[in-house]
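Dear colleague,

Please find below the structure that I am handing over to you. My findings are set out after it.

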Amino acid sequence: MTGPTALPAPEERLACGRWTGPLVEQVAEGRARELDEHQRTCPHCRAALGEFERLWGPVRAVAADRPRAPVSVVEAALRRVRTGSREAEYGRLDSPLGHTRVASRVVVALARHLAGQVPGVEVALSGLAAEGHGVVGEVVPDVQAGVSGGSTAVQITLAAAYGQDLQALGERIRSVVARGVREATGLEPVDVTVLVDDVW
Amino acid sequence: MTSDGGVAHDGGTVTDERGSQIDRWLVRKARDGELGAYEELIRRHRDRIYRIALRITGDAADADDVTQEVVIQLWTALSGFAGSSAFTTWLYRVVVNRSLDHQRRARRTASDEPTEGDLVPVAGPERTVVAGEELRAGLEAIARLPDAQRVPFVLCQIEGLSYAQAAAVTKTSEATVRGRLARARTTLLAEMRSWSA
């Protein structure tokens, strides 16, 4: 039963005296080829390792399969969380043939993404600058019909990497975010406020 | 363990520590009511939430439900997060418990619950030339594991948590996690062996 050509059970002693349990662990942890001195010359251990390695294939396939969360599923849940928070706002860009509306969330997501890519930024959040920040033009509430605000103001809160010129970092972020938002949405970022909240 | 190969690690890495720091910052902001911080927190962890739910429930629709429930529940539950453990420990515990609850509810209510006989027979590994079939064989075998074995197996073998992390998530000891993981591996090999016979 436990000869070199037989199929060893996952919990039994091989003819050489070794238990199969540690061999199973060796295979499961991806160390099947890391043979110790005994295993290098033991046909029982090598046969068992080979067999377990072969049988472990389907489990390896599961471990290698990395499905991602469906974005629509997560977004649907976040929409429910957002219920009760402020209404959606839109920027509006007019053209002779009509107009384009850009949701404030688009600007927020873009700004967060852009700021997060700037070297020295550990993590960034962004939001539309609140009223009272001296914003003009603006991302306007959809209910204000007739307003043709083509401007946006963004506030970015971030934690920065320790040991750098934070003022220079702020300037880099302002530049990257303003250019990125302008290019992607057509809205003019008239104000990009950078709030360094923490340093690590 | 690595996330792809199932190799155990027993200590945190610099990346882990930095990730924990970012989580703590985001949790603090979210607890102050910053929805943006909460959304970022969810974005950072959504794939793992989904995968753990998927591997424990064994069903994509159930994993969708659990993921949504967790995302909604966490927003209000964050105020109860003491911060004495890592955010991920707390998060994974919520996901595991939700997944098990969901599965138990489904078992109780579904009259057409699949039985062992309903599961499609799978060819032995030597005949499974299509990678998809090998994956399916593995998934079905994992789905048959008892809860007590499946949870540590998913956390350690599939998601790469250390024994200590999995013990913290399941509120057991490292020795318990090791023992259950070993039994899960043995059970799985025995299943694979019967398929290949």
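The notes that follow take the two chains in turn and then the places where they meet.

The structure is a predicted model, in which local features need pLDDT of at least 70, side-chain atom pairs count only at pLDDT 80 or more, and totals for chains, interfaces and linings use all residues. Residues are numbered from 1 along each chain as its sequence is written, while chains are lettered from A and ligands numbered from 1 in the order in which they are written.

**Chain A**

Chain A has seven helices and six strands; helices (H or I, at least four residues) and strands (E, at least two) are DSSP runs, numbered from the N terminus. Along the sequence, the elements of chain A follow the pattern α-α-α-α-α-β-β-α-β-β-β-α-β. Of the 200 residues in chain A, 36% are buried. A residue is called buried if 20 or more other C-beta atoms lie within 10 Å of its own, exposed if 12 or fewer do, and partly exposed in between, with the C-beta atoms placed from the backbone. Two residues are in contact if their C-beta atoms, placed from the backbone, lie within 7 Å. Among contacts in chain A between residues at least 6 apart in sequence, 64% join residues at least 24 apart.

Strand β5 of chain A (residues 151-160) is largely enclosed by the rest of the structure, because eight of its ten residues are buried. β5(A) pairs with strand β6 of chain A (residues 188-199) in the parallel sense, over ten bridges; two strands pair if DSSP finds at least two bridges between them. Within this pairing, Ala160(A) stands opposite Val199(A) in β6(A).

Two residues of chain A may be set side by side. Val123(A) lies in strand β3 of chain A and is buried, with 26 other C-beta atoms within 10 Å. Pro43(A) lies in helix α3 of chain A and is partly exposed, with 14 other C-beta atoms within 10 Å. The C-alpha atoms of Val123(A) and Asp198(A) are separated by 9.8 Å, although these residues are 75 residues apart along the chain. Pro43(A) and Cys16(A) are 27 residues apart in sequence and 8.7 Å apart in space, C-alpha to C-alpha.

**Chain B**

Chain B has eight helices and zero strands, so that its elements run α-α-α-α-α-α-α-α from the N terminus on. Buried residues make up 41% of its 197 residues. Of the contacts in chain B with a separation of 6 or more, 64% are between residues 24 or more positions apart.Helix α2 of chain B (residues 35-57) and helix α6 of chain B (residues 147-158) have axes that come within 10 Å and cross at roughly 140°. That angle makes α2(B) oblique to α6(B). Axes are lines fitted to C-alpha atoms, for helices over the stretch in contact, and angles run from 0 to 180 degrees between N-to-C directions. Angles under 35 degrees count as roughly parallel, over 145 as roughly antiparallel, 65 to 115 as roughly perpendicular and the rest as oblique. The crossing of α2(B) and α6(B) is right-handed; a crossing is left-handed if the near helix is turned anticlockwise from the far one by less than a right angle, and right-handed if clockwise. On the α2(B) side, Ile52(B), Arg55(B) and Ile56(B) meet Arg150(B), Val151(B), Val154(B) and Ile158(B) in α6(B). By class, this contact of α2(B) with α6(B) has five nonpolar, no polar and two charged residues. Ala, Val, Leu, Ile, Met, Phe, Trp, Tyr, Cys and Pro count as nonpolar, Asp, Glu, Lys and Arg as charged, and the others, Gly among them, as polar.

**Where the chains meet**

In total, 41 residues of chain A are in contact with 49 residues of chain B. On the side of chain A that touches chain B, at least two residues each come from α1 (21-28), α3 (43-55), α4 (57-64), α5 and β3 (121-128) of chain A. α5(A) gives the most to this side, with eight residues. By class, the side of chain A that touches chain B has 25 nonpolar, six polar and ten charged residues.

Helix α5 of chain A (residues 71-82) and α2(B) have axes that come within 12 Å and cross at roughly 160°. That makes α5(A) roughly antiparallel to α2(B), and α5(A) passes α2(B) in a right-handed crossing. The contact is made by Val74(A), Leu78(A) and Arg82(A) of α5(A) and by Leu35(B), Glu39(B), Ile42(B) and Arg46(B) of α2(B). These residues divide into four nonpolar, no polar and three charged.

Val123(A) also touches chain B. Leaving aside its neighbours within four places in sequence, Val123(A) is in contact with Gly116(A), Leu158(A), Ala159(A), Ile22(B), Trp25(B) and Leu26(B).

With kind regards
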